[in-house]
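Hi there,

Here is the model I promised to pass on to you. Have a look at it first, and then read on for what turned up in it.

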Amino acid sequence: MKKFIFKIFIFILPIAIVGCIMEILIRNIPNDYTLKKEYLDENANKIKTLAFGHSQILNGFNPEDMSMNSYNVAFSGQSIKYDYKILEKYSEKLVSLKYVVIPISYLSLSHQLENSILSNYVKNYSIYLDIDTDSKSLFKNKYEIFSYKFKTNVNRLRSYYLNEEDAVAFGEFGWKEISRTRDLIETGKHDAKKSMEFMQFDAKNQYRKENVKYLKSIFEICNKRKIHVILITPPTYYSYRNNIDQSHFKTVHRVINEFIENYDNATYLDLFDHIGFKAKDYRDANHLNELGARKMTKIIDKHINELKK
């Protein structure tokens with residue numbers, strides 16, 4: 001029996017060593033999460049406007065077009081839970097913070113990162129942002145090597161260490177520029193269909209209840225600190241708007257209105273079908289490009305300056 005165990009140990013040992021080396025090497029590759037954490041650690045006390053959220057804000061809010069010190073702490077697929085987790089983590093350091101931007105899009109209230117196609121991003125919050133993800137998994141959401149296929153991890157290592165390719169996809173203030181345009185009609189139909197499919201995962205509205213709870217927690221932190229919350233629904237192209245379930249959007253608006261009515265430190269910008277955004281402003285039917293980002297950021301900046309009056 002001892003010989004058998006010893007043989008297993010000898011067999012597993014090199015695999016474990018390779019796994020540990022891969023984990024260390026991957027973690028040392030600069031990425032969006034590590035660099036945004038570094039920025040917040042060093043500059044949180046200077047930020048006056050902080051934009052949270054998912055890819056629509058990541059691509060659509062450019063702090064360089066703001067008239068005050070601002071930062072974009074959005075990530076692809078980020079759900080309201082992680083908006084709250086990040087705000088909570090840095091709340092004591094954000095001593096200059098006056099405005100918080102939170103996107104409430106068509107799917108926001110029914111979206112959970114853990115249960116989405118981007119669920120492998122959960123480990124980024126644990127590994128790189130030092131945030132408790134509440135994950136019950138022992139491996140998947142805590143280690144790089146268990147979050148992707150072996151081949152994918154090998155390609156990541158090759159890209160950075162051999163090909164010297166940069167894995168960071170955003171600028172100095174957290175905005176991710178996307179200039180490449182995809183077909184607006186096809187992406188509208190495709191993304192709307194996917195949105196409808198994702199809605200089925202929250203048939204019992206459990207995700208919505210949890211997201212409303214986290215949104216309330218954000219408001220409580222901001223209310224206590226006298227921080228104004230700007231809820232925003234980013235613009236989308238008509239090919240997306242015309243193919244979604246409008247009845248669900250009525251529910252989303254009802255939740256938004258309840259927060260606006262219950263909190264004095266809140267306003268809402270509904271840009272979902274804003275006539276100022278044209279085809280040239282979109283990367284795809286659900287995301288803005290550089291031109292669109294400048295427009296949306298200017299609208300937010302103007303709104304904030306009006307609030308000051």
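Let me begin with a loop: Lys226 sits in the stretch between helix 8 and strand 4 (228–233). Please keep in mind throughout that this is a predicted model. The phi of Lys226 is near 60°, a positive value in a residue other than glycine. For context, most residues other than glycine have a negative phi. Is Lys226 buried or exposed? With a relative accessibility of 70%, Lys226 counts as exposed.

Asp130 also has a positive phi, of about 55°, although it is not a glycine. You will find Asp130 in the loop between helix 5 (122–127) and helix 6. Asp130 is exposed too, its relative accessible area being 55%.

**The protein as a whole**

There are 11 helices and 7 strands in the protein. Along its principal axes, the C-alpha trace spans about 75 × 45 × 40 Å. For 309 residues, a compact globule would have a radius of gyration near 19 Å, and the 21 Å of this protein agrees with that. Buried residues make up 50% of the 309. As for contacts with a separation of 6 or more, 77% of them are between residues 24 or more positions apart.

How many of the 11 residues of helix 4 are buried? The count is 9, so helix 4 is largely enclosed by the rest of the structure. The buried residues are Ile80, Lys81, Tyr82, Asp83, Tyr84, Lys85, Ile86, Leu87 and Tyr90. What do they pack against? Their partners are helix 2 (32–43), strand 3 (99–103), helix 5 and helix 8.

The pairing with helix 8 can be described in more detail. Helix 4 (residues 80–90) and helix 8 (residues 206–224) pack at an angle of about 25°, and their axes are 8 Å apart. Angles under 35 degrees count as roughly parallel, and the two helices are therefore roughly parallel to each other. Helix 4 passes helix 8 in a left-handed crossing. On the helix 4 side, the contact is made by Ile80, Lys81, Asp83, Tyr84, Leu87 and Glu88. Helix 8 contributes Asn211, Tyr214, Leu215, Ser217, Ile218, Ile221 and Cys222. Sorted by class, this contact has 8 nonpolar, 2 polar and 3 charged residues.

**Helix 8 and helix 10**

Helix 8 also packs with helix 10 (residues 246–262), at an angle of about 25° and with the axes 12 Å apart. Helix 8 and helix 10 are therefore roughly parallel to each other. Which hand does the crossing of helix 8 with helix 10 have? Helix 8 passes helix 10 in a right-handed crossing. Arg208, Val212, Leu215, Lys216 and Phe219 of helix 8 make the contact with Thr251, Val255 and Phe259 of helix 10. These residues divide into 5 nonpolar, 1 polar and 2 charged.

**A few single residues**

Ile185 belongs to helix 7 and is partly exposed, with a relative accessible area of 32%. Although Ile185 and Ser239 are 54 residues apart along the chain, their C-alpha atoms are separated by 5.4 Å. Leaving aside neighbours within four places in sequence, Ile185 is in contact with Tyr237, Tyr238 and Ser239.

Arg182 lies in the loop between helix 6 and helix 7 (184–199). At 33% relative accessibility, Arg182 counts as partly exposed. Which residues does Arg182 touch, not counting those up to four places away in sequence? They are Thr187, Arg283 and Asp284. Arg182 and Ile131, on the other hand, are 51 residues apart in sequence and 34 Å apart in space, C-alpha to C-alpha.

Finally, Arg158 is found in helix 6 (residues 150–162). Arg158 is partly exposed, with a relative accessible area of 38%.

Methods:
Residues are numbered from 1 along each chain as its sequence is written. This is a predicted model: local features need pLDDT of at least 70, side-chain atom pairs count only at pLDDT 80 or more; totals for chains, interfaces and linings use all residues. Side-chain values use heavy atoms; hydrogens and water are left out. Axes are lines fitted to C-alpha atoms, for helices over the stretch in contact, and angles run from 0 to 180 degrees between N-to-C directions. Helices (H or I, at least four residues) and strands (E, at least two) are DSSP runs, numbered from the N terminus. Angles under 35 degrees count as roughly parallel, over 145 as roughly antiparallel, 65 to 115 as roughly perpendicular and the rest as oblique. A crossing is left-handed if the near helix is turned anticlockwise from the far one by less than a right angle, and right-handed if clockwise. Contact means heavy atoms within 4.5 Å. Ala, Val, Leu, Ile, Met, Phe, Trp, Tyr, Cys and Pro count as nonpolar, Asp, Glu, Lys and Arg as charged, and the others, Gly among them, as polar. The radius of gyration is taken over C-alpha atoms; the globule rule is 2.2 Å times the number of residues to the power 0.38. Buried means under 20% relative accessible area, exposed over 50%, partly exposed in between (1.4 Å probe, protein chains only).
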